[in-house]
Amino acid sequence: MPRDTKDSESTVLPPEQHSLRARYAQVVLDIPTRALDSAFDYAVPSELAASVRLGCSVLVDFANRPALGYIVGLSSEAACGLEDSRIKPVRELLSTPLFEDTAVALAFWIAREYLAPLSDCVRLFTPPGGTAKLKKDAAGTWTMVRPQARAVDDRWVRLSEAGREYDPPGNASRQRAVIEALRFGEMRVQDLALSVENPASAVQSLEKRGMLLVEHRQRVRGSKASGARAEAIQNLTSGQRQALETVYEALDTNPASPSPHPVILLDGVTGSGKTEVYLQAIGRVLEEGGSACVLVPEISLTPQTVSRFRSRFGEEVAVLHSRLSAGERFDQWELVRSGRAHVVVGARSALFAPLKKLRLIVIDEEHEASYKQGSSPRYASRRVAIQRAELCGAVVLLGSATPSLESLYAAGLCGKTAPPPPFTHVVLPERVSGRPLPPVEVVDLTAEFHAGNKSMYSHVLKEALRQTVERGDKAVVLLNKRGFASVLLCRDCGFVPSCQQCDTSLTFHQHPARLLCHYCDAHAPVPPVCPECGSPYLKQLGPGTQYAADQLADILPPGTPIVRMDADTTRLKDGHEKRLEEFAAARSGVLLGTQMIAKGLDFADVTLAGVLIADLALKFPDFRAAERTWQLLEQVAGRAGRAEKDGRVIVQTYWPEHVAIRAAASHDRSLLLREECTERAALNYPPFGRLANILVWGKDREAVRAQALQIAEVLRPHLRAGWQLLGPSPCILSKRQGSYRWHLLLKAPAHADLPGWLGPLLKETRDRPGVNRAVDIDPQDMM
């Protein structure tokens with residue numbers, strides 16, 4: 001029977017007593033459905049009582065089938081009200097503890113705040129690829145699949161004291177070769193085989209005689225030697241010193257204090273040394289025996305970023321992100337769980353790493369939309385980080401040169417009183433180099449076209465690129481659209497090849513030549529003539545990075561390195577690293593790419609930043625379009641002139657009068673804030689209101705529509721004053737991967753309990769066969 005662990009505190013045992021008299025385990029079943037929104041009581045068999053702990057994975061029975069689950073509580077009494085004989089026992093203990101009690105509290109909070117299945121939320125805290133799964137075959141039989149990712153042990157061998165003096169018999173040539181190889185130091189048996197053929201039997205014989213010592217050590221897959229802590233601590237600017245004083249004061253707050261723990265917004269211009277503030281704050285935490293978590297957007301998680309932390313903290317750093325293999329992620333997670341690593345650097349999933357004594361959570365580039373999870377549970381990293389900090393007694397440090405309007409509002413900078421407790425606002429107004437922010441020149445592409453320039457590069461940008469390369473400097477060029485051309489258009493009949501599975505056109509790629517869907521990866525050959533009318537006049541419209549690279553090669557001196565960096569060129573493992581290494585190694589050249597080149601890169605010899613079409617995102621039907629355009633332009637401008645040489649920025653646009661362009665050109669965000677805050681407050685959009693996007697999808701168009709209408713009929717009668725329900729209507733991308741998509745948008749006041757109101761009402765709606773639904777609280781993407 002289910003129980004709410006919060007309603008039975010009198011019988012729940014504290015962690016230190018879990019193995020003493022625990023008779024019942026509260027288990028969250030690993031079955032992803034909102035219907036199972038609480039833990040279930042299971043009896044702990046006497047043979048497991050000494051081993052069972054909070055956080056263990058277990059095998060149990062549920063509804064006439066086996067089920068996996070996670071222990072989220074232990075107690076001496078059952079709260080379900082059933083007789084002991086009717087309470088099912090735990091069948092098998094599958095793991096040692098995977099998480100602690102604070103993780104349990106956070107998982108329940110995420111499930112409630114984001115209307116997510118409880119099992120999805122608990123699974124956030126489990127090792128990547130390191131838990132068992134159940135699969136059902138065609139005959140209806142359930143089979144357990146053991147974890148695919150496990151620790152890998154290496155055998156290391158070295159000479160004992162006796163072995164150093166040992167002289168093997170004359171006919172033991174292999175033993176003699178092993179001893180000679182080991183006189184230089186210990187080795188992995190695997191490496192020993194490179195110099196001694198088939199050394200296993202010789203190693204075994206020598207170990208039995210006491211001549212060798214063999215040790216098993218866990219191998220960390222994918223790791224590279226990090227070396228000692230070698231990076232010199234930089235001299236600080238006055239802004240950095242003030243920022244660190246604020247952070248240190250917050251860290252001195254008693255972790256057990258019941259008052260809300262501090263959230264600090266580090267608002268620093270590009271190149272102002274925010275990373276150094278993070279590093280010194282982490283150093284203070286480590287000196288005091290604590291640990292720290294650093295979140296970096298996946299797009300910014302470059303080897304350059306990681307190396308800053310590893311050069312300062314050496315092997316105390318673990319890295320977690322999606323570009324690692326399952327085994328590599330498991331090894332990094334295990335480094336943290338075992339206490340060998342006390343600093344985690346990674347994308348949003350790193351927030352759930354099993355850090356002990358967590359004292360500091362850093363969110364770099366806190367404005368990034370990628371901090372919002374796109375699948376269940378659809379959590380917002382910033383809110384979850386603040387909640388975890390509350391549970392652990394930690395400090396949250398948010399850093400950005402272009403903070404989100406939500407964070408500026410929380411810091412009291414949007415013209416209205418911030419919600420309590422407000423963020424502490426700390427400013428880094430100057431670059432570490434002492435150089436000014438680079439001047440931004442705006443080029444009107446309409447005027448360029450009227451002047452006869454048909455190229456996507458303006459005359460000003462062409463000349464600036466040539467001069468930069470001739471001086472031996474480097475440039476970055478942004479075009480936030482990959483491929484060669486957005487669409488292929490028949491000029492006779494207007495036909496555009498479209499994806500059969502998604503409601504979108506296919507993008508033309510030239511290398512290799514094909515049409516590709518950027519939503520489902522469907523691809524098709526490029527037709528020689530129009531499939532509709534047979535016309536040979538097919539026009540490529542909307543240039544992408546492939547086309548821009550080809551054009552750039554014609555502009556620059558022959559042989560100039562042009563490194564293209566987009567989702568196509570970085571798709572393979574280590575793709576980001578190889579591209580950046582190629583750019584760093586070049587004497588001069590150009591890095592051309594999508595938004596991934598705008599963040600996390602710090603090259604001293606980049607003196608020019610160019611933006612080919614600055615207003616692409618402004619055409620999106622998104623209330624955040626202006627904010628995101630300003631952020632992207634400000635960030636890419638910050639790549640230029642970060643060291644001793646002055647920088648220059650050239651922004652090309654068809655909309656030079658737009659406030660986002662003007663704010664970026666003048667490095668004055670107040671222009672944007674005045675307009676954006678006024679519009680959003682009037683329309684009740686964040687940060688002055690809250691949103692929930694209810695998405696409905698399925699293969700049957702009419703069933704999807706009917707389900708969306710039914711949800712609207714249930715919700716509308718219960719709307720409160722100041723609340724608004726928009727829709728239902730087809731999504732902007734109305735078909736994706738073969739599914740039709742509708743949505744409803746719910747608006748509420750900024751401090752409304754959206755999930756508390758919405759959750760119970762959605763339970764009153766009946767799901768139609770073949771139709772799925774999801775709720776996105778505080779959405780970042782409504783396409």
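Author: One term before we start: contact means heavy atoms within 4.5 Å. Also, this is a predicted model.

Reader: Okay. Which residues in α19 meet α20?
Author: On the α19 side they are Val659, Ala660, Arg662, Ala663 and Ser666. They meet Leu671, Leu672 and Glu675 in α20.

Reader: At what angle do α19 and α20 pack?
Author: About 155 degrees, with the axes 8 Å apart. Here α19 covers residues 659–666 and α20 covers 670–683. An angle over 145 counts as roughly antiparallel, so α19 is roughly antiparallel to α20.

Reader: And what classes of residue make up the contact of α19 with α20?
Author: There are 5 nonpolar, 1 polar and 2 charged residues.

Reader: What about α18 and α19, how do their axes cross?
Author: At roughly 25 degrees, coming within 9 Å. Helix α18 spans residues 625–637. Angles under 35 degrees count as roughly parallel, and α18 and α19 are therefore roughly parallel to each other.

Reader: Is the crossing of α18 and α19 left-handed or right-handed?
Author: Right-handed.

Reader: Which residues meet between α18 and α19?
Author: Ala626, Thr629, Trp630, Leu633 and Glu634 come from α18. Their partners in α19 are Ala660, Ile661, Ala663 and Ala664. By class, the contact of α18 with α19 divides into 7 nonpolar, 1 polar and 1 charged.

Reader: Which residues of α19 are buried?
Author: Val659, Ala660, Ile661, Ala663 and Ala664.

Reader: What covers the buried residues of α19?
Author: The cover includes α18 and α20, plus strands β19 (440–444) and β29 (648–653).

Reader: How accessible is His667?
Author: His667 has a relative accessible area of 26%, so it is partly exposed.

Reader: Now for other loops. What is the phi of Ala63?
Author: About 50 degrees, so to speak on the positive side, although Ala63 is not a glycine. Ala63 sits in the loop between β4 (57–62) and β5 (65–75). At 53% relative accessibility, Ala63 counts as exposed.

Reader: What does Ala369 touch?
Author: Arg628 and Gln780, leaving out residues up to four places away in sequence. Ala369 lies in the loop between β16 (358–364) and α12 (381–392). Its relative accessibility is 30%, so Ala369 counts as partly exposed.

Reader: Last topic. Is His509 buried or exposed?
Author: Buried, at 2% relative accessibility. His509 lies in strand β22 (residues 507–510). The His509 side chain makes a polar contact with the side chain of Asp568 (3.4 Å).

Reader: And what does the side chain of Glu276 make a polar contact with?
Author: The side chain of Gln280, at 2.9 Å. Glu276 is in helix α9 (residues 274–287). At 1% relative accessibility, Glu276 counts as buried.

Key
Residues numbered from 1 in each chain as written. Predicted model: local features only at pLDDT ≥ 70, side-chain atom pairs only at ≥ 80, totals over all residues. Heavy atoms only, no water. Helix = DSSP H or I, 4+ residues; strand = E, 2+ residues; numbered from the N terminus. Buried < 20%, exposed > 50% of the residue type's maximum accessible area, 1.4 Å probe, protein only. Polar contact = N/O pair within 3.5 Å; in protein donor to acceptor, adjacent residues only side chain to side chain. Axes fitted to C-alpha atoms, helices over the stretch in contact; angles between N-to-C directions. Parallel < 35°, antiparallel > 145°, perpendicular 65-115°, else oblique. Nonpolar A, V, L, I, M, F, W, Y, C, P; charged D, E, K, R; others polar. Left-handed = near helix turned anticlockwise from the far one by under 90°.
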